[in-house]
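Let's read this one together, feature by feature. Have the structure open beside you as we talk.

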There are 2 protein chains.
Amino acid sequence: MEETARLTESIKELLGSGRSERLADVLDAAHAADVATALRELPLPEQVHLFRLLAPQPAGHVLSELDDATRTELMRALDEVEVSRILDRMPSDHVVEVVEELPRAEADKLLELMQEEKSEQVHELLEYGEKTAGRLMSTGFIAVHENATVMQAMEHIRKAATGDNAFYLYVVDEHDHLVGLVPLHRLLAAEPGTSVRGIRSENVESVTVDTDQEEVTRLARRSNLVEVPVVDGTRRLVGAISAGHLIDVIDEEATEDIQRLGGVGGDETVLDPARQVFRSRLVWRLVNLGTAVLAASVIGLFEASIHALATLAVFMPIVASMGGIATTQTATVAVRGLAVGDLTLGVLRRVLWKEVWLGLTTGAANGLVIAVIAYLWKGHWLLSAVLGVAMVFNMLVAAVVGTLVPVALKTFRVDPAIASSVIITTFTDVCGFFSFLGLATLLIRYLL
Amino acid sequence: MEETARLTESIKELLGSGRSERLADVLDAAHAADVATALRELPLPEQVHLFRLLAPQPAGHVLSELDDATRTELMRALDEVEVSRILDRMPSDHVVEVVEELPRAEADKLLELMQEEKSEQVHELLEYGEKTAGRLMSTGFIAVHENATVMQAMEHIRKAATGDNAFYLYVVDEHDHLVGLVPLHRLLAAEPGTSVRGIRSENVESVTVDTDQEEVTRLARRSNLVEVPVVDGTRRLVGAISAGHLIDVIDEEATEDIQRLGGVGGDETVLDPARQVFRSRLVWRLVNLGTAVLAASVIGLFEASIHALATLAVFMPIVASMGGIATTQTATVAVRGLAVGDLTLGVLRRVLWKEVWLGLTTGAANGLVIAVIAYLWKGHWLLSAVLGVAMVFNMLVAAVVGTLVPVALKTFRVDPAIASSVIITTFTDVCGFFSFLGLATLLIRYLL
């Protein structure tokens, strides 16, 4: 982080003093990701000025590293021809990342201005659905026929002159079907005359172009591949997904889970313009308003009791709040467990019992504490007991709901992370108000 | 996922019918991660039986892939000598992963039984602090002196006979200082007689053995390295962190953020025994109880108003709930933005204005909706107005608190994710109750 901050500082200084030549040198030596970070903190005209100091290749890297909001703004401020020249120098999978975020018309315009061959490659990749392996893959992999010798394979790599991201040599048969791979170090260590068939790893798992990106990362974790091969419907090898993209997707999926649990869209970034996120924020707040009104209507049933004993209103939110934290805790662990593949149906019973036990024990502990606090505060032992009992009951509900709702959503192929606090705590709010106020109403004549 | 489920099924079947030989074949052909998943779903004696059918090398892979809880139980059920023979076959960084989770005495016992050389390597790695680069690195990297020729480097790789995870050739000077790296495909494509100095990438960033693992992943993202080199205090190259470990750490850090936001420990998995997580769950619930009592005490100040107008108690939780969702949304985006490096001090003002604007607009929209609902329900326009105004006010508080608290925590080097709903919604609970009930109390004579 410090290195990034230092670069940002020196860029701002050099911009201020107008020393463009020195600035170009500094940019030249810096990491693209750091330049991108510095760029985001500048006003748009300075972003444009800075960006134009970059050579086309590094400019492409910076474009890849920028967040969507800043990139879109910057690209609109630049000349289209200028942008298309930079895109021409980028690998096609990176161009896809950039143009897929643009409105259709703007993307088409840029693609038209690009070199025909690159533009066609990009068009092909864009045919694949969003968030599929096809969209992520690079077509710049190296493959040889299984009958090739190690020497021939090496010759092929020399000619292919790929970028810095080739780590495997893929092995295909006469139909271009993937039949293995050879890590490059193994190729290096092999006798030149042997056939690649003899040194390949067989049974290499691959994904198809339509495979969902989350599934791709699961395969990468399972198989310890740093690059995931992609095949088409006829099992022909058509691309490979790089480690960089895999990490991007893992980050993206984690962001989605975190945000959905927090009742946010799933792909929001801090720099997204307010207008763009307004709708999704509002929708969740309205959903929450709906569930809150539902909970309030339960309270409405007991208005007479509250009127008779206003102290009930004081303790009411405590029961709801404790149910809320218990559900959130349980659901958080369950949702994450489902995402990383730890929570499967085979272990559900074991997990459920664990949660019920935790609900009972922590419920009893918390119930006791709050009963004591309530007694010290209001000096009313029966009210304290009612509060304690309602607490235990609510924590049990939280344990069951927090575990089963995410699992049920997953079973119905809905993202379990939308079982966010917004939705799921409604159960405990309603149950909490009902048990506490209901019990109090039953016993109201002893409470007054 | 389906492949994993299928394997689990056939393992259970073969176990049931006692066909151990066929079972051994099935296990032999399966991915270690899939075997680990199947294992978790079996009772302990069957786990032991199954595990013993594995050859030592695959057994090591399975051990690496198991979750901590299952692995610890399984290892205790096995013979110590048996386990140490398996550990002998594992790369030292994987052995570290396994033994660091065990109590000190058990770990020492196993290390004593292991081969001396491997055991010493593991001891050295365990000297480094938890969650540092030193703990994650493998010492099995390939390095040559900068004066070596391409041919000599190739010869060196042939002799080193590393595992399948060597992707870079590191270049060092006479003090073993890292002075560059060469991706293997570039080595393959180079003329045998040239010096590696001529084809290396210079300015390769590295981490030190003490670097925090989160910082390591940030470097990996920034620099597009599939393996991160590690140097010691004197800048000597001592290890490299593989892509697999990088992905593990990224998952781990995401889990930590997700769980802390949800008020859970940070490294809990669904299969952790209840006793083990009891304390951390209880602590958060008690903290939440404390903040809930704080909020309740605000309500206590207005008990007279509630006694006079019990309807206030009905609407009160709606204000709190809406403040809660607004704070959670804002804080979630901020915490994730801090984690992936999008939210820096340079853009804080921009983010804060965005959130305030969102608070104001969604607050107005929600305030209007709830005012209408309240009017239709209770037919009291002034009460509805008070509710609407309190809503807008609370959403503004949520916008400011949800943005600034995580940033402030980060500035003070505290994990921003502990600004979980538990802590941060206390602000909006208190402010919400205060604004709604306070306003109502001021206007009480017009409300009755």
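Q: Which strands form an open sheet in chain B, and in what order?
A: Two strands pair if DSSP finds at least two bridges between them, and strands (E, at least two residues) and helices (H or I, at least four) are DSSP runs, numbered from the N terminus. In this predicted model, chain B has an open sheet of three strands, ordered S1-S2-S3 with mixed pairing. Strand S1 (143-145) and strand S3 (178-183) of chain B are its edges, each pairing on one side only. From one strand to the next the twist averages 30°, where axes are lines fitted to C-alpha atoms and angles run from 0 to 180 degrees between N-to-C directions.

Q: What is the strand order of the open sheet in chain A?
A: The order is S1-S2-S3 (chain A), three strands with mixed pairing. Its edge strands are S1 (143-145) and S3 (178-183) of chain A. S1(A) pairs with strand S2 (residues 168-172) of chain A in the parallel sense, over three bridges, and A:Ala143 is found opposite A:Tyr170 in S2(A).

Q: What span is expected of helix H21 of chain B, at 1.5 Å a residue?
A: The expected span is 1.5 Å times one less than the number of residues. Helix H21 (residues 381-411) of chain B, with 31 residues, reaches 45 Å from its first C-alpha to its last, close to the expected 45 Å. After H21(B) comes B:Arg413, with a positive phi near 60°.

Q: Into which domains is chain A divided?
A: Domain bounds come from an automatic or database domain assignment. Chain A has domain 1 (2-129), domain 2 (143-241) and domain 3 (274-447). The C-alpha centres of domain 2 and domain 3 of chain A are 52 Å apart.

Q: How many residues of chain A are in contact with chain B?
A: Two residues are in contact if their C-beta atoms, placed from the backbone, lie within 7 Å. Here 102 residues of chain A contact 101 residues of chain B. Helix H19 (residues 311-340) of chain A gives the most to chain A's side, with 20 residues.

Q: What confidence does the predictor give?
A: The complex has an ipTM of 0.83 and a pTM of 0.84. Chain A averages a pLDDT of 89, with 98% of the residues scoring at least 70; pLDDT is the predictor's confidence in each residue, from 0 to 100.

Q: Which conventions apply to numbering and confidence?
A: Residues are numbered from 1 along each chain as its sequence is written, and chains are lettered from A and ligands numbered from 1 in the order in which they are written. In this predicted model local features need pLDDT of at least 70 and side-chain atom pairs count only at pLDDT 80 or more, while totals for chains, interfaces and linings use all residues.
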